[in-house]
Amino acid sequence: MIDQIKQIRAELEAVTTATPEEVEALRIKYLSKKGAISALMNDFRNVPAEQKRELGQALNELKNFATEHINALREAAEACCGCDDALDLTRSAAPVNIGTRHPLSLVREQIIDIFRRLGFTIAEGPEVEDDWHVFESLNFAPDHPARDMQDTFFINRQPDVLLRTHTSSVQTRVMTSQKPPIRIICPGRVYRNEAISARAHCFFHQVEALYIDKNVTFADLRQTLLYFAREMFGPQTDIRLRPSYFPFTEPSAEMDISCDLCGGKGCSFCKGTGWVEILGCGMVDPAVLEACGIDSKEYSGFALGMGIERITNLKYRVKDLRLFSENDIRFLDEFTAAH
């Protein structure tokens, strides 16, 4: 056995350079469970007792030497490969810029985080929808004039298959499949057949929230809105609610926040009013609850919805909506510090 130990050591000492693949082959040959040194360790049990001390010491020295030598060869091989990578001719001559998160994604996650702290969970649904979930279940009669407010993309000219015009369709899907209490937030992309300009686009992003339970009141809605506004725009933000109309809520309101540029004194951004509109809201119409199989005499709720582009405009003063979808890296680089 002592001759085998000397032979293995001599074979290892003869190897002074190797590629990563050759180093791995050496490790397998000598140090793996079925390697030469492991085989000697297994044979050691048959060594006479008077030789165990000498051979055991020699075996341990061989194993330590093999481990250190192979590790040194591996480090040298990896360092050599690192030098080769520096000369990789397949790499681009110009540096590749690392991308940044889109401003709409940043604002979307911030909105979701605020509502999560209030106990809301995320609900999602399909972008290609049917008329019942988008309109009829939300109190839009077939000849309801409110349908004209949302120019719709129909699929293959089928009146019952369309691209959703709001994420309220997710709310109806949840209401028909889940019993109250319901507390959800519905972020997603929506589509409307509008001319593309600096102030409008044929697709945009919404976040809607829905809360249904026993004894939900307008006061709950107002407090939720106040909390959201101050978390999103700062603790100095005030809100006001103006009466409005939506087919699926009654009463309905538009919410304004105090202009943070002028402090409510009036400027060009808020058109001299001191207020900026950000979302619509209201108490869920009992007809909507009944259409979705919820007893309106036992349960009540509120809903609210906002455009993510609108909130992003207010936070970052982006004047042209088209910038959000043009993927101009110069525009996106402006939001690196917002991460």
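Analyst: Two strands pair if DSSP finds at least two bridges between them; strands (E, at least two residues) and helices (H or I, at least four) are DSSP runs, numbered from the N terminus. The model is predicted, so local features need pLDDT of at least 70 and side-chain atom pairs count only at pLDDT 80 or more, while totals for chains, interfaces and linings use all residues. Residues are numbered from 1 along each chain as its sequence is written, and side-chain values use heavy atoms, with hydrogens and water left out.

Start with the sheet. Seven strands form an open sheet with mixed pairing, in the order β1-β4-β5-β9-β8-β7-β6. At its edges are β1 (121–122) and β6 (239–246), each of which pairs on one side only.

Now look at β9. β5 and β9 run antiparallel and are joined by eight bridges. Within this pairing, Ala209 stands opposite Leu304 of β9, and Leu210 has Ala303 of β9 as its bridge partner. β9 also pairs with β8 in the antiparallel sense, over five bridges. There, Gly282 stands opposite Ala303. Six of the eight residues of β9 are buried (under 20% relative accessible area; exposed is over 50%, partly exposed in between, with a 1.4 Å probe and protein chains only). This is why β9 is largely enclosed by the rest of the structure.

α5 touches β1, β4 (182–191), β5 and β9, where contact means heavy atoms within 4.5 Å. The direction of α5 makes about 165 degrees with that of β4 (axes are lines fitted to C-alpha atoms, for helices over the stretch in contact, and angles run from 0 to 180 degrees between N-to-C directions). α8 lies across β6, β7, β8 and β9, running at about 150 degrees to β8.

The side chains here belong to a nonpolar core (buried Ala, Val, Leu, Ile, Met, Phe, Trp, Tyr and Cys residues joined through side-chain atoms within 4.5 Å). The largest such core has 44 residues, and those touching the most other members are Ile111, Phe115, Phe228, Ile257, Ile278, Leu304 and Met306. Two or more residues come from each of α5 (103–117), β5 (203–213), α8 (218–233), β7 (249–258), β8 (275–284), β9 (300–307), α10 (308–316) and α11 (329–332). Apart from this core lies another, of 23 residues, including Leu138, Phe140, Val170 and Val284.

Ile111 lies in helix α5 and counts as buried because its relative accessibility is 0%. Beyond its neighbours within four places in sequence, Ile111 is in contact with Ile185, Val207, Phe228, Met232, Met306 and Ile311.

Two packed helices are described by the angle between their axes and the distance between the axes. For α5 and α10 the angle is about 100 degrees and the axes are 9 Å apart. α5 is therefore roughly perpendicular to α10 (65 to 115 degrees; under 35 counts as roughly parallel, over 145 as roughly antiparallel, and the rest as oblique). α5 contributes Pro103, Leu104, Val107, Arg108, Gln110 and Ile111, and α10 contributes Ile308, Glu309, Ile311, Thr312, Lys315 and Tyr316. Seven of these residues are nonpolar, two polar and three charged (Ala, Val, Leu, Ile, Met, Phe, Trp, Tyr, Cys and Pro count as nonpolar, Asp, Glu, Lys and Arg as charged, and the others, Gly among them, as polar).

Another helix, α7 (residues 168–177), has seven of its 10 residues buried, so α7 is largely enclosed by the rest of the structure. The buried ones are Ser168, Ser169, Val170, Gln171, Thr172, Val174 and Met175. They pack against β2 (128–130), α6 (131–134), β4, β5, α9 (286–291) and β9.

Finally, some backbone details. Most residues other than glycine have a negative phi, and most peptide bonds are trans. The bond from Glu250 to Pro251 is cis, with omega near 0 degrees, and Pro251 lies in strand β7. The bond from Pro180 to Pro181 is also cis, with omega near 5 degrees; Pro181 is in the loop between α7 and β4. Asn215 has a positive phi, near 65 degrees, in the loop between β5 and α8.
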